Amino acid sequence: MLLRFVLFFLALLGIFTSGSLFFRSPYFRNRTLSIFIIVFSFQVLNFLYGTSEIVYLYPQFVGLYFFPSGFLFGPLFYLHLLSFQKRESFKWKDLTHFIPALIMIFLTRDIYQMEDGIARMELVANQFLSRFLIYNYAIVVHVILYAGMSFLKSRKFIGGLQHSERLYIIGISAIYVISGITLGLYVEYANSWRDFSPYYLMVSVCFLIIGFLLYTNPKFLSDLSKKYLSSNLNRDEMQSIVSKMDHLFEDEKIYLLRNLTLSQVAEKLDIPSYKISQTLSTLSASNFNDYVNKHRVKYAKGLLKSPDFQHFKIEAIAIDSGFNNKVTFYKAFAGVYQMTPSAFRKRHS
């Protein structure tokens with residue numbers, strides 16, 4: 001009983017937070033998240049209603065919300081991630097993502113046409129295994145499908161985002177995927193709808209925390225980035241940092257240390273780590289590992305072309321160039337020269 005009161009409170013809090021978040025800030029990412037939260041909050045209320053004695057007193061709402069709303073979460077999550085790709089508003093083509101929800105309304109039109117709530121309850125009970133359980137599976141598949149679509153889409157632009165935004169996308173994607181898998185397990189193994197309480201509690205808490213952070217500070221992500229990379233560096237200072245790093249790497253070949261870290265370079269140059277991170281991100285849209293691997297690959301190229309190292313195995317070349325293993329070396333080398341180290345050696349032998 002206590003858990004149900006907590007869920008009721010969280011649902012009301014979700015409605016309040018989502019409404020405030022939607023109208024308080026014009027950011028597309030905040031509004032897509034606010035719609036997601038309010039849809040889920042109403043689904044929690046629908047769950048509490050459908051698994052309580054109230055449903056027998058007021059049965060007229062049975063079955064009118066759950067199935068169509070289940071097909072809204074995937075599109076809303078997908079659009080929320082797209083907002084990080086400089087999306088500022090909804091587009092007409094976004095409506096195509098909501099076609100499955102309309103199809104579900106069409107498939108359950110007999111429920112909407114029934115005015116007698118008790119008869120509707122009997123219909124759902126009698127056809128649950130043969131019909132409505134299939135709809136539940138379809139919702140799970142739909143949620144997981146959009147998780148895959150979101151992953152493939154975000155891979156194309158996540159590398160160009162700020163550190164805090166990348167962390168946010170990874171975190172919220174993990175919450176979404178875990179929620180989808182958990183939903184699938186409950187659909188498969190739960191004895192009744194009442195057993196879904198822990199699932200609704202988990203998802204409510206996670207997305208409410210995110211919504212609350214964005215509500216209290218609409219610029220939460222950008223402020224987090226500024227906090228992470230706050231240095232007020234101008235371009236001349238950044239050019240100076242790059243020049244010092246280039247000299248250090250070229251003269252001392254510090255990149256040959258296999259476990260080289262940003263803090264080691266920062267200490268060597270007497271420059272704070274966050275200034276180096278900001279410089280690399282701003283001037284070359286790369287991170288510290290990319291910078292180090294670029295020098296290691298350049299060094300490895302010389303070894304691969306040298307007659308003195310033709311008898312060395314590729315793995316030995318990788319280790320001598322500062323890489324920890326052959327896999328990382330192959331990936332970094334192919335990223336620079338669009339071919340494998342073996343193919344490069346064969347071409348220049």
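Analyst: At 34% relative accessibility, Phe 128 counts as partly exposed. This is a predicted model, by the way.

User: Thanks! Where does Phe 128 lie?

Analyst: Phe 128 is in helix α9.

User: And which residues is Phe 128 in contact with, leaving aside neighbours within four places in sequence?

Analyst: With those neighbours set aside, Phe 128 touches Leu 133 and Asn 136.

User: Then what are the angle and distance for α5 and α9?

Analyst: Helix α5 covers residues 73-82 and helix α9 covers residues 128-155. They pack at about 10 degrees, and their axes are 9 Å apart. Angles under 35 degrees count as roughly parallel, so α5 is roughly parallel to α9.

User: Is the crossing left-handed or right-handed?

Analyst: α5 passes α9 in a right-handed crossing.

User: Which residues make that contact?

Analyst: From α5 come Gly 74, Pro 75, Phe 77, Tyr 78, Leu 81 and Leu 82. From α9 come His 142, Tyr 146, Met 149, Ser 150 and Lys 153. Sorted by class, the contact of α5 with α9 has 7 nonpolar, 3 polar and 1 charged residues.

User: Now His 97. Where is its place?

Analyst: His 97 is in the loop between α5 and α6, the latter being residues 99-107.

User: Is His 97 buried or exposed?

Analyst: His 97 has a relative accessible area of 14%. Buried means under 20%, so His 97 is buried.

User: What is His 97 in contact with, apart from neighbours within four places in sequence?

Analyst: Pro 75, Tyr 78, Tyr 146 and Met 149. The side chains of His 97 and Tyr 146 are also joined by a polar contact of 2.9 Å. Tyr 146 also takes part in the contact between α5 and α9, on the α9 side.

User: Nice link! Last topic: how do α2 and α5 cross?

Analyst: Helix α2 spans residues 28-50, and its axis comes within 8 Å of the α5 axis, crossing at roughly 160 degrees. Angles over 145 degrees count as roughly antiparallel, so α2 is roughly antiparallel to α5. α2 passes α5 in a left-handed crossing.

User: Which residues in α5 does α2 meet?

Analyst: Phe 73, Leu 76, Phe 77, Leu 79 and His 80 in α5. The α2 residues that meet them include Phe 28, Leu 33, Phe 36 and Gln 43. By class, the contact of α2 with α5 has 10 nonpolar, 3 polar and 1 charged residues.

Definitions and conventions:
Residues are numbered from 1 along each chain as its sequence is written. This is a predicted model: local features need pLDDT of at least 70, side-chain atom pairs count only at pLDDT 80 or more; totals for chains, interfaces and linings use all residues. Side-chain values use heavy atoms; hydrogens and water are left out. Axes are lines fitted to C-alpha atoms, for helices over the stretch in contact, and angles run from 0 to 180 degrees between N-to-C directions. Helices (H or I, at least four residues) and strands (E, at least two) are DSSP runs, numbered from the N terminus. Angles under 35 degrees count as roughly parallel, over 145 as roughly antiparallel, 65 to 115 as roughly perpendicular and the rest as oblique. A crossing is left-handed if the near helix is turned anticlockwise from the far one by less than a right angle, and right-handed if clockwise. Contact means heavy atoms within 4.5 Å. Ala, Val, Leu, Ile, Met, Phe, Trp, Tyr, Cys and Pro count as nonpolar, Asp, Glu, Lys and Arg as charged, and the others, Gly among them, as polar. Buried means under 20% relative accessible area, exposed over 50%, partly exposed in between (1.4 Å probe, protein chains only). A polar contact is a pair of N or O atoms within 3.5 Å; within protein, one must be able to donate a hydrogen and the other to accept it, and residues adjacent in sequence count only if both atoms are side-chain atoms.
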